[in-house]
Amino acid sequence: MVNGYSSNGRPEEESKGRALLVVTDGLGFDPDSVMRLSSRVIDELSPSTRRSLLDLALEASPGSYEMLAITRLAVLPITAEGLNPSLTWDKANETLNRVRLVRDGLRQRRQLAEIGSVRRRIALENRYIPWFAEDPTWSEIVNMNLTVPTQASGVWVGYEDVDPPVQGNSETGHQQIGNLALAPQIPLQITRSIEDGSFFENDMMLDAINGAMASGNNVNFCFLLSGIRGSDGRVHSAWNHLEAFCELVFIRLGISSDRVRMQAILDGRDAPAQGSMEIEGVDGGYLGELERLLAKYDASGSLAWVVGRSLSMDRDYREENARCDYLLMTEGKGEVVTGFADIKEIVASAHENGLTDADVPAMALDHDGNGPATIKPGDAFINLNFRSDRQRSKTASLCGAREYLDREAKSRGRDWKFDWLRDDLNLRMCTMAEYDAEFEAHYGVKVAFPITPHQLNLLSHWDRLTDDDDLYLLVAESVKASHMGYFVRGRREAEQGSNSEDRWVVPSDGANEGVHSDSDFYVRPVMKTREIAQLVSEAMGIGEHRLIMCNLAAPDMVGHLLPARFEAAAEAYRATVAVLAELSGVARGAGYSMVVTSDHGNVENDAPTHTVNPVLTTVLPAAGSVDPRDLEGPYSANLFDVSHTVARLIGIDAREIAEIVSVFRGGLGEEFLGKSIIG
């Protein structure tokens, strides 16, 4: 036995193992591109290599149909990406073994190099980064170990069942990875409240709004223009939530439009890069849709401020961005415009200069010649965006949480001056969801739809499932700190008094490195990938932690800058998979099993948005090998299977996990309960 493994690589029930879980942000694969481009690769091989490929596939195949499938699979860098999703686990395993025989034959004939060269050329022509920037060493490791396509979008990550599906994202992806069963997401709860009418009776929103109205103040709100459909955002906001809020204030409460002020935040990151002006099937893009929505209530004058999300939704606590957003709303500091025509002209000019919606500068509207609207002391402020991490800096600024801002900034190596922050606003604030419990507890911020921690989270039950001296470690860079923290813990802040968790946060690049906002990460596209890998390698060498979980953010953060930053995104991908190959060797040498998965797709499509594509989950045991779970169902996994797999690798008793699931599953169906990927 080695490190809790028997000779076949399976963890003994009563023994301890150790594992490294790596979450590569935004690293999915596009099945349609895989199918289309693999055919081109075969067509463009030299006659001798193509003949070898066909002969070897025929030898390895039981029939002509299988032979054609194996031929195509053999030219892929990672075989599992091309498997027919209808294959059972047994049939998929059989097919993978046949493909290995073909590739071994091609290697012996020294023809794999030609296939790789043709594949990279075709990938570059089609701007398909996973093939163009592949690391052959990592691809071979993936092919030689259990690798399973994994669902990372739509209902399988806790969203509404809509068509097209809601794209995956980092927040829900990390929640699902840390959870033992599906973690339903807050937008689903909000949408259901709209459908049953309880949205319009929400006490927290009504208290803030009615309080401002009674005292002669105004109602201010912000919303990220996104999420008209499942495929164009819905990561931070959903359009039906905006529609419901407009119905609430203008119809049900009958508030005059001159007492309602909206900050429209432009996306360009989780939604199309220029979606404010142009989206397929939406006349005039998000701005056109917003113009029609406000006109419906004769409320065009309610639009008070417009700004790109890089300034308004910065999560790495860059003071210059928080200041700009704050002064836009409190002092009207921005380019002064008079209506939608001016806004569209400025946005179009920004697009012509190479900017996406995310980086559109701040605009303040002056509708009547009396100057831009500003937030006044005692006003209500409603934040309609439901995802927490990118609303914390904004919320803390508006509620005057200096200590909070100072602490978070310093943890990222930043010192704020605070010379712009007022102390007299005393806003009646209500947020759509809970961004941080501290805002409610210490600053009077109300929460319309409270977020409760997920009960079926592996880390939340760590102390019950492991021994007193068992530790786990979370590692990420600061721009993704909440993901390898609050989200992976199942929407929990660090538990006070717990001695089980260590957490290392590496400050992300900032202004000194030329990174002023998330749109600048192309300047240093590798980000902190190598630093994190070094820390993780050192931690495995010491061996104090039974479980290490780390996040590699570059494919997602730089992938959001596609298509303009293709070379930078390719470099981010290339560096990430190279580090994975290095970590796999370190892990095995240190007696750690390794699981690699991704929170969602992004970099595989030549666009700035997340995708609905699957990701891959690969299991590398510390010793021996592992078998796939014995299932007759499709060869596919869900993100909430990952925690079960990790638990099995480190020797946690599956019976104890099953007991926890039985207690806290609620109404979740069997299909939404996690299962180990390994048998």
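Phe418 sits in the loop that runs between helix H17 (402–411) and strand E9 (428–433). Although Phe418 is not a glycine, its phi is positive, at about 65°. The side chain is not left in the open either: Phe418 has a relative accessible area of 12%, and because the cut-off for buried is under 20%, it counts as buried. Please keep in mind along the way that this is a predicted model.

Tyr317 is not a glycine, yet it has a positive phi of about 55°. Its place is the loop between helix H13 (309–312) and helix H14 (319–331). Is Tyr317 buried or exposed? Its relative accessibility is 3%, so Tyr317 counts as buried.

Let us step back to the whole chain. The protein chain has 25 helices and 16 strands. Its C-alpha atoms fill a box of roughly 80 × 60 × 50 Å when taken along the principal axes. A compact globule of 679 residues would have a radius of gyration near 26 Å, and the protein chain has 26 Å, so the two agree. Of the 679 residues, 62% count as buried.

Now for the interior. In soluble globular proteins, nonpolar side chains tend to be buried together. Here the largest nonpolar core holds 128 residues, and the members that touch the most others are Leu20, Val22, Trp138, Val536, Met540, Leu583 and Met594. Helix H23 (residues 566–590) supplies the largest share of this core, with 13 residues. Val22 is a handy place to look at the packing in detail. Which residues does Val22 contact once its neighbours within four places in sequence are set aside? They are Cys550, Leu552, Leu580, Leu583, Met594, Val595, Val596 and Thr597. Apart from this core lies another one, of 62 residues, with Met213, Phe221, Val282 and Ala350 among them.

Pro563 is in the loop between helix H22 (554–559) and H23, and the peptide bond joining Leu562 to Pro563 is cis, with omega about 0°. Another cis peptide bond runs from Asp163 to Pro164, where omega is near 0°. In that case Pro164 belongs to the loop between strand E2 (146–151) and helix H8 (170–178).

One last stop is His461, found in the loop between strand E10 (446–449) and helix H19 (462–465). His461 counts as buried because its relative accessibility is 11%. Leaving aside neighbours within four places in sequence, His461 is in contact with Gln455, Ile660 and Phe664. That brings our tour of loops back to its theme: Phe418, Tyr317 and His461 are each found in a loop, and each counts as buried.

Terms used: Residues numbered from 1 in each chain as written. Predicted model: local features only at pLDDT ≥ 70, side-chain atom pairs only at ≥ 80, totals over all residues. Heavy atoms only, no water. Core = buried A, V, L, I, M, F, W, Y, C linked by side-chain atoms within 4.5 Å. Buried < 20%, exposed > 50% of the residue type's maximum accessible area, 1.4 Å probe, protein only. Helix = DSSP H or I, 4+ residues; strand = E, 2+ residues; numbered from the N terminus. Contact = heavy atoms within 4.5 Å. Rg over C-alpha atoms; globule rule 2.2 N^0.38 Å.
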